[in-house]
Amino acid sequence: MQTLIPKLSTWRADLPASIVVALVALPLCLGVALASGAPLFAGVIAGIVGGIAVGLFSKSPLSVSGPAAGLTVIVLAAIESMPSYQMFLMAVVLAGVLQIGFSLTRAGILSEFVPSSVITGMLAAIGLILILKQIPHAVGFDREAEGIFEFSTANGVNTFSQIIDSLSASVTPGAILIAGISLAFLFWWDGAKPKNGPLRFVPGPLVVVLIGVLGNALLGAVKPDWQLQATHLVQVPVTQKLSEFPTLFTLPDFSGISMGIVWTTAVTLAIVASLESLLSVKAVDEIDPRRRSTDKNWELLAQGGGNILSGMIGGLPVTSVIVRSSANVDAKAESKLSTMLHGFWLLISVALIPSLLNLIPLSALAAVLIATGYKLTKPKLFLERYKQGWTQFIPFVVTVGAILFTDLLEGIVIGIVVGFIFVIARNFRTAITFACDGDDCLVRARRNLYFIHKYELQKSLNRVPDNTQVLIDLSSTSYVDLDNIDIINAFIKGAEYRGITVSLRGDIAGKRAALINAPSSEVLYT
């Protein structure tokens, strides 16, 4: 059984990776909280819980959990409709309990039915969204909160109009300069990073943050009108004294357990958060260099426990999230120690150095996310799927487009539907081979026979001429459903009246007993 204790032997890789993930996670935690109408610190709490608690109990080596962009609409509506934020926290706790129930019923197996083309499409779409959503932040147009991935927002602005507005508005030269230098460094560092020596442990995004902070301070000295102000920087809630830090946490209102709206919200959160977590974990398994497989039912248990804890101390709902997880993989993490450490860094930084965090330019973090997005959606990925054929390429492209123009979960559903259409279409391809040479005929099943093959099987058997010998070859099948067995039995029974001698090939359990109801025919198993 896989241990829950992380391997400390991988700390050389996991330590720098955890710093990268923490840098990526911080603005996303704040952005999701802002978009959800919740206290900003609620997003940070969810990030800390997702890292430390879910990271400890999860068996996924690379998945990172935290507040999810896919839940912002649900959370915002729930908070606005409830008497208090504390009531909403009660719903988060109950959602965690329900997720543990899902785990016990082994609902995690549902993720295994999602086609791989849809999963890779989800990754590519997230990459594109990261690039598109971060362009405004890179030019200093910070009107939309970090972590918002929906195509259209409530005020009618969409991803593309936001980019147009950012480029047509009065852009911020300081933000463009910092973002440009940061991006150039990141792409250069990917190729120039030493393979040996202490510099190999230096994470590029950490250097980018230093470039942003020091560069902005330098702009203040040499060109003050280009210096970025507070609206273009990270904005972490700051307490005057460390002793005031616990006041940022909030307890749920347990009286809400008797309210219908609390239970309705809890059920909705549990279902959507579970789906997003399962899909994200499966996607992370796909990009794991070691191709490790995560126990999905156990993951639901870990996510449920995380939501109970997050709700109990004032945090937003948590799920496994692909952006932070992708950054974790890209930073060469090797175990879940990186996930747990990232939560620890979030806790320490917001408790001890929030003022320093508030010096980080959003444009520098935008450069980190743009670089991460590019690695998820490289042109090479589209070319590889194209070479695999239309049955893989079309579901992949449809998933990318659907997520890009709707949101994550709605796009995934559309991709799954299209993927299943191709699966059904493949099963409608010819499954029966028919051939005759003189008085010898062959009816051969090329693969398992299901009810959708009834017409094809009946049509092939009807083509067998009278006064011939026919071999019905089922040796390539491991399953023939009862509808097709009935068709074969009916043919065998009628064969003696047409002078047809029937032979059967394929000694498979269940078929022998079903296909012996023709005493006048020659039924042979070879």
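Trainee: Where is Ile488 placed?
Mentor: In this predicted model, Ile488 sits in helix H19, which covers residues 482–495.

Trainee: And is Ile488 buried or exposed?
Mentor: Buried, because its relative accessibility is 0% and the cut-off for buried is under 20%.

Trainee: How far is Ile488 from Ile119?
Mentor: In sequence they are 369 residues apart, and in space their C-alpha atoms are 40 Å apart.

Trainee: New topic: which residues make up the nonpolar patch on the surface?
Mentor: Leu242, Phe344, Ile348, Leu352, Ile353, Leu356 and Leu359. Together they have about 610 Å² of accessible area.

Trainee: Which helix gives the most to that patch?
Mentor: Helix H12, residues 337–352, with three residues.

Trainee: What about Ile353, where is that one found?
Mentor: Ile353 is in the loop between H12 and helix H13 (354–357). With a relative accessible area of 36%, Ile353 is partly exposed.

Trainee: Which helices give two or more residues to the lining?
Mentor: Several do, including H1 (11–35), H5 (116–138), H11 (322–330) and H14 (362–376).

Trainee: And how does the lining divide by residue type?
Mentor: There are 22 nonpolar, five polar and 18 charged residues in the lining of the largest pocket.

Definitions and conventions. Residues numbered from 1 in each chain as written. Predicted model: local features only at pLDDT ≥ 70, side-chain atom pairs only at ≥ 80, totals over all residues. Heavy atoms only, no water. Patch = residues over 30% accessible without salt bridge, like charges linked within 9 Å, V, L, I, M, F, W, Y side chains within 5 Å. Areas by Shrake-Rupley, 256 points an atom, 1.4 Å probe, with all protein chains shown as cover. Salt bridge = Lys/Arg side-chain N within 4 Å of Asp/Glu carboxyl O. Helix = DSSP H or I, 4+ residues; strand = E, 2+ residues; numbered from the N terminus. Buried < 20%, exposed > 50% of the residue type's maximum accessible area, 1.4 Å probe, protein only. Nonpolar A, V, L, I, M, F, W, Y, C, P; charged D, E, K, R; others polar.
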